[in-house]
Amino acid sequence: MAVVGPSRHSRVSMSVSMSLMQGGGAGATAGGGTTGAHPGQAVLAAAASGQGPPNYYHPNGPAPPPPPPPTQDPAQPDRPIGYGAFGVVWAVTDPRDGRRVALKKLPNVFQSLVSSKRVFRELKMLCFFKHENVLSALDILQPPHVDFFQEIYVITELLQSDLHKIIVSPQHLSVDHIKVFLYQILRGLKYLHTARILHRDIKPGNLLVNSNCVLKICDFGLARVEEPDKNKHMTQEVVTQYYRAPEILMGARHYTAAVDVWSVGCIFGELLRRRILFQAQSPVQQLELITELLGTPSLEDMKYACEGAKTHMLRRAPKPSSIAALYTLSTQATHEAVHLLCAMLMFDPDKRISVVDALAHPYIDEGRLRYHSCMCTCCYTSNSGVRIYTTDFEPATVNPFDDLWERKLGTVQQVKEAMHTFIGEQLNSTRVPLCINPQSAAFKSFASSTVAHPSELPPSPHQW
Ligand SMILES: [Zn+2]
């Protein structure tokens, strides 16, 4: 489809200020990795090729030979930038081309069958994703011999900030910012949901943003393939509490992609208000805040809740809906915005809007137009200045993500061997493989970086 001439939205590129982008965030206070600018500190090194065994790092192995001369830009030392649910992320330099990339360490992989399968799942997903609004693996570090294989390092694109840092910053967010962020969240989520993947931890800190306002969903540590069998129990230890859907708060044994849409609704409200929408101290209080806004749910709306949670809800004095309060979130809370927000914040997951329907809501139109006018990589401008648009603005996955492989793996050793083989298959034969440089000054703090602050892990569900 060719659309002639820019609209009033076109080519006005979005940006958020770089001073904001370079703000510290979680990583800047951690680890002490910002140890100056001496070359030789670089965490990453190119593995020696054609000279016997590669000088990869493994925790219990002999010291490797010295790494090749570093090419690190002295102005940009390797440093920690954040913690996911199950990993530590550093900003590092790729010694092959000097490009700054993100290096994620997935430690303690083989402690149990559950943890090793979870890491393998995350790794497979990162290698599977091919979408502008979903973070994917650029490379995986060459693993040591399977006997020494304990940790996994994945390289992804480096984005300067995330939506949490932007929301808490003094940066002005226009309605255009909100629309283009919301559009990209839904666009990425449509891709995930058509792949049958539930993210299960959508929150502002897991939405990376670069200085041009391009947004990517990251951190698949809690993601899984949807469960078609409604009789199968799914874990409730998912989703950071403020963004957790009411059915999970009420002990539902089975839930769907609608839990991610609830989280998006909370983030939409937070973008408008510049404060967390439902900020409670405990899961029970979280439910309390939700019902203060939406009113006491009907029995029908609580059909997935466990009996204890239903009894708790019915014992309390009924509350009226105060949904009109959403208009006071901000001057940007127009009727259209509140209409979409209410559709995302439906108590009953069966009545909650789907990602596909949300993308068809009129509130999203301007975000779509702006994104494809100057931010995407799927459309382009011809030499004569005509914008040539893609035929599919919000692509689905070609094939769903397959999780049948998980069922065949019954022991930690089987997972370890399968993962080792998988990584070997992913390594790009045309590029020199990368490895960790254990002699680098920054490596010590990198190696000792702890996984996720306890406060960042989803709290345990309430026992109803
Ligand atoms: Zn496009």
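The dialogue below goes through a few features of this predicted model, from the whole chain down to a single residue.

Student: What should I know about the model and its numbering before I look at any detail?

Tutor: Residues are numbered from 1 along each chain as its sequence is written. The model is predicted, and local features need pLDDT of at least 70, side-chain atom pairs count only at pLDDT 80 or more, while totals for chains, interfaces and linings use all residues.

Student: How many helices and strands are there in the protein?

Tutor: Helices (H or I, at least four residues) and strands (E, at least two) are DSSP runs, numbered from the N terminus; the protein has 15 helices and 15 strands.

Student: In what order do the strands of the open sheet with β8 lie, and which are its edges?

Tutor: Two strands pair if DSSP finds at least two bridges between them. Here 3 strands form an open sheet in the order β8-β10-β11, with antiparallel pairing, and the edge strands, each paired on one side only, are β8 (161-162) and β11 (215-217). Strand β10 (residues 207-209) pairs with β11 over 3 bridges, and Leu207 has Ile217 in β11 as its bridge partner.

Student: Which helix packs on that sheet?

Tutor: Axes are lines fitted to C-alpha atoms, for helices over the stretch in contact, and angles run from 0 to 180 degrees between N-to-C directions. Helix α5 (residues 175-194) packs on the sheet, where it touches β10 and β11, and its direction makes about 35° with that of β11.

Student: Which residues does Lys216 touch?

Tutor: Two residues are in contact if their C-beta atoms, placed from the backbone, lie within 7 Å. Not counting residues up to four places away in sequence, Lys216 touches Asn133, Val134, Leu135, Leu159, Gly188 and Leu208. The C-alpha atoms of Lys216 and Val134 are separated by 4.7 Å, although these residues are 82 residues apart along the chain.

Student: How do helices α7 and α10 meet?

Tutor: The axes of α7 (residues 258-273) and α10 (residues 335-344) come within 8 Å and cross at roughly 145°. Among the residues making the contact are Trp262 and Phe268 of α7 and Leu341 of α10.
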